[in-house]
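Here is a short note for a colleague who is new to this structure. Please read the points with the model open.

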Amino acid sequence: MLTANEHFKARFGCKMYKASISFAHTCPNRDGTKGTGGCIFCSAGGSGEFASCVEKSITEQIGEAISRVEKKAGPGAGYIAYFQSFTNTYCSPEKLAAAMDEAISHPRVKAVSVATRPDCLPESIVEVISERTSKIPVYVELGLQTSNDETAKLINRCYETREYDEAVRRLKEAGVNVITHVIFGLPEEPEEQMLESVRHCVSAGTDGIKFTCLYVLKDTVLERMWRAGEFEVLGQEEYFDIVEKAIGLLPPDTVIHRLTGDGPKKLLLAPMWTADKRGVINYINRRFA
Ligand code: SF4
């Protein structure tokens, strides 16, 4: 399996750290354009609780993120400006271009990563991203979660899987490295469907993948469903059994950027094993090293 660390070392010659940036304020799934209330698992922070304050400039946010990890990272580390929360291409091309250029101009930034939705990539936006690829490596992270359109409706994703396929094709033509987010443990999804989502990403041509175990956060629709007993969260062993099978489906050059995620502790309700970051890392090292 090709890890993100190995990929970054080969591409940049050093260990890379993410400098998370708050840039977008919302997404079309929240403001009524596509839907309201957001995806059923998404917190009010738009999956960006680890990012910095949106009121600060991008340069300031990158500087603060770097100073938080600099001691551990050391002077030889490189940084990825990570546009993390909400939908970062849900804006005018001019606004995105200015934000990306500000990030790129930071002397410690060696790459940019933009998290977004496949249905928020009009030609003008892809052009902005593509133009930046001649200056710096650009990654675009797409939240697919599942390839099953029925589950997509259940989680209120508000776009169809074919839009993801189309987005991957266009981004790759534009020279962008595509990373896809997949969630295991979504309500009503058997294991075979989770693995099918991974096969789908591979056949669509994703360059990298991020696996996450579904976790329940406070004040989400998922919290209500979980409390009503409509689904059960995955146990640690059960989750990593699926991850192991998923890894077996990946071509050797597909980069695994994450084996699991951890939700913001103050909002996390279940599964609680995901909150034990050190325990999870030890488990992963024992099982996958
Ligand atoms: S997961 Fe992304 S698309 Fe879904 S509601 Fe949250 S920010 Fe919007």
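1. **Ground rules.** This is a predicted model, in which local features need pLDDT of at least 70 and side-chain atom pairs count only at pLDDT 80 or more, while totals for chains, interfaces and linings use all residues. Residues are numbered from 1 along each chain as its sequence is written, and side-chain values use heavy atoms, with hydrogens and water left out.

2. **The sheet.** Start with the open sheet of eight strands. Its order is β1-β9-β7-β6-β5-β4-β3-β2, and the pairing is parallel. Strands β1 (2-3) and β2 (16-21) stand at the edges, each with a single partner strand, so one side of each has no neighbour in the sheet. Strands are DSSP runs of E with at least two residues, and helices are runs of H or I with at least four, numbered from the N terminus. Two strands pair if DSSP finds at least two bridges between them. In general, strands of a sheet pair through backbone hydrogen bonds, parallel or antiparallel.

3. **Strand β3.** Which residues of β3 are buried on each side? Gly78, Ile80 and Tyr82 are buried on one side, and Tyr79, Ala81 and Phe83 on the other. Buried means under 20% relative accessible area, exposed means over 50%, and partly exposed lies in between (1.4 Å probe, protein chains only). As a rule, side chains in a regular strand alternate between the two faces of the sheet.

4. **Neighbours of β3.** Strand β2 runs parallel to β3, and six bridges join them. Ala19 stands opposite Ala81 in β3. Strand β4 (residues 109-116) also runs parallel to β3, here with five bridges. Ile80 has Ala111 of β4 as its bridge partner, and Phe83 stands opposite Val114 in β4. Seven of the eight residues of β4 are buried, so β4 is largely enclosed by the rest of the structure.

5. **Strand β7.** Strand β7 is mostly covered too, with six of its six residues buried. Gly208, Lys210 and Thr212 point one way, while Ile209, Phe211 and Cys213 point the other way; all are buried. Note that Lys210 is on that buried list. Lys210 is also the bridge partner of His181. Six bridges join β6 to β7, and these strands run parallel.

6. **From β7 to β9.** Strand β7 (residues 208-213) pairs in the parallel sense with β9 (residues 255-258), over three bridges. Gly208 has Val255 of β9 as its bridge partner. Val255 also comes up with Glu6: the two are 249 residues apart in sequence but 8.7 Å apart in space, C-alpha to C-alpha. Glu6 belongs to helix α1. Its relative accessible area is 42%, so Glu6 counts as partly exposed.

7. **Helix α1.** Look at the sides of this helix. In α1 (residues 4-12), the buried residues are Ala4, His7, Phe8 and Phe12. They share the same side of α1 because they cover an arc of only 100° around the axis, taken from the directions from the helix axis to the C-beta atoms. Lys9 and Ala10, on the other side of α1, are exposed. Gly13 follows α1, with a positive phi near 75°.

8. Which residues other than glycine have a positive phi? Gln145 has one of about 70°, and Cys158 has one near 65°. Gln145 sits in strand β5 and counts as buried, at 12% relative accessibility. Cys158 lies in the loop between α5 (149-154) and α6 and is partly exposed, at 22%. Also check the peptide bond from Ala270 to Pro271, which is cis, with omega near -10°. Pro271 lies in the loop between β10 (268-270) and α10 (277-288).
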